[in-house]
Amino acid sequence: MARRTADAGTPALRLLTERGVAHTPRPYDHAAHDGFGEEAVQALRAAGLDVDAQRVFKTLLADVDGRLVCAVVPVAGMLDLKALAAAAGGKRAAMADPARAQRSSGYVVGGISPLAQRTPLPTFVDASAHRFETVLVSAGRRGLQVELAPADLVEVTGATSAALSR
């Protein structure tokens with residue numbers, strides 16, 4: 001994986017470059033519709049990247065007992081809100097209001113990255129990420145993923161690994 005500096009246009013990519021983290025931006029053609037994670041998998045495959053849907057992760061913001069947290073789970077899975085609440089030391093979790101998620105993260109829905117969010121949040125990465133040499137997460141805009149080692153994702157975000165998906 002190469003370190004890229006020429007394509008450091010989002011806060012997420014700038015952070016990785018500044019920290020010297022090996023990463024590869026993976027742009028793709030974004031169509032205006034819902035299902036951003038599945039769209040990313042299909043578009044990356046269409047662009048010639050052999051990518052497993054278990055290796056592409058979506059970023060979800062949730063409210064755990066009144067505070068926002070960030071969950072990073074495989075596109076092919078669903079976030080287990082009870083597991084997230086437990087991992088965050090809370091009792092109850094619910095998906096965050098999209099407008100609140102955008103304000104907190106500084107990114108638009110469908111392009112929320114776990115990296116370089118406007119307001120740093122407790123972050124939880126699904127433990128399945130560690131099965132892969134690299135994973136892909138949003139690089140901070142629709143139509144752009146970034147590929148990096150899961151250990152680097154956890155380190156840069158200060159995340160906790162936990163079983164979060166079902």
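Is glutamate 147 buried or exposed? Glutamate 147 is buried, with a relative accessible area of 8%. The close-ups below come from a predicted model.

**View 1. Arginine 26 and glutamate 147 form a salt bridge.** The closest N and O atoms of the pair are 2.7 Å apart. Arginine 26 belongs to strand E1 (residues 24–27) and glutamate 147 to strand E7 (residues 144–148), so the contact ties together parts that are 121 residues apart in sequence. Arginine 26 is partly exposed, at a relative accessible area of 25%. Glutamate 147 falls under the 20% limit for buried residues, with its value of 8%.

**View 2. Glutamate 147 also forms a salt bridge with arginine 55.** Here the closest N and O atoms are 3.1 Å apart. Glutamate 147 lies in strand E7, while arginine 55 sits in the loop between helix H2 (36–46) and strand E2 (57–64), so this pair ties together parts that are 92 residues apart in sequence. Both glutamate 147 and arginine 55 are buried.

**View 3. Arginine 100 and aspartate 63 form a salt bridge.** Their closest N and O atoms are 2.8 Å apart. Arginine 100 is part of helix H4 (residues 98–105) and aspartate 63 is part of strand E2, so the pair ties together parts that are 37 residues apart in sequence. Arginine 100 is partly exposed, at 28% relative accessibility. Shared partners join Arg26, Arg55 and Glu147 into one network of salt bridges. The structure holds three salt bridges.

**View 4. Strand E7 is mostly covered.** Five of its five residues are buried. Leu144, Val146 and Leu148 point one way from E7. Gln145 and Glu147 point the other way. In a regular strand, side chains alternate between the two faces of the sheet.

**View 5. Strand E7 pairs with E1 in the antiparallel sense.** The E1 and E7 pairing runs over four bridges. Arginine 26 stands opposite glutamine 145 in E7. The salt-bridge partner of arginine 26 is glutamate 147.

**View 6. Strands E6 and E7 form a hairpin.** The two strands pair in the antiparallel sense over five bridges. Arginine 141 stands opposite leucine 144 in E7. Two residues lie between the strands of the hairpin. Glycine 143 takes a positive phi near 85°.

**View 7. The largest nonpolar core has 29 residues.** Leu115, Val137, Val146 and Leu153 touch the most other members. Helix H1 (11–19), E2, strand E3 (67–74), strand E6 (135–141), E7 and helix H5 (150–157) each supply at least two residues of this core. H1 gives the most, with four residues.

**View 8. Valine 146 has contacts with residues elsewhere in the sequence.** Residues up to four places away in sequence are not counted here. Among the residues that valine 146 touches are Leu13, Leu16, His23, Thr24 and Pro25. Arg26 and Leu115 are also touched by valine 146. Further contacts of valine 146 include Val135, Leu136, Val137, Ser138 and Ala139. Valine 146 is buried, and from E7 points the way that Leu144 and Leu148 do.

Technical notes:
Residues are numbered from 1 along each chain as its sequence is written. This is a predicted model: local features need pLDDT of at least 70, side-chain atom pairs count only at pLDDT 80 or more; totals for chains, interfaces and linings use all residues. Side-chain values use heavy atoms; hydrogens and water are left out. A salt bridge is a side-chain nitrogen of Lys or Arg within 4 Å of a carboxyl oxygen of Asp or Glu. Buried means under 20% relative accessible area, exposed over 50%, partly exposed in between (1.4 Å probe, protein chains only). A nonpolar core is a set of buried Ala, Val, Leu, Ile, Met, Phe, Trp, Tyr and Cys residues joined through side-chain atoms within 4.5 Å. Contact means heavy atoms within 4.5 Å. Two strands pair if DSSP finds at least two bridges between them.
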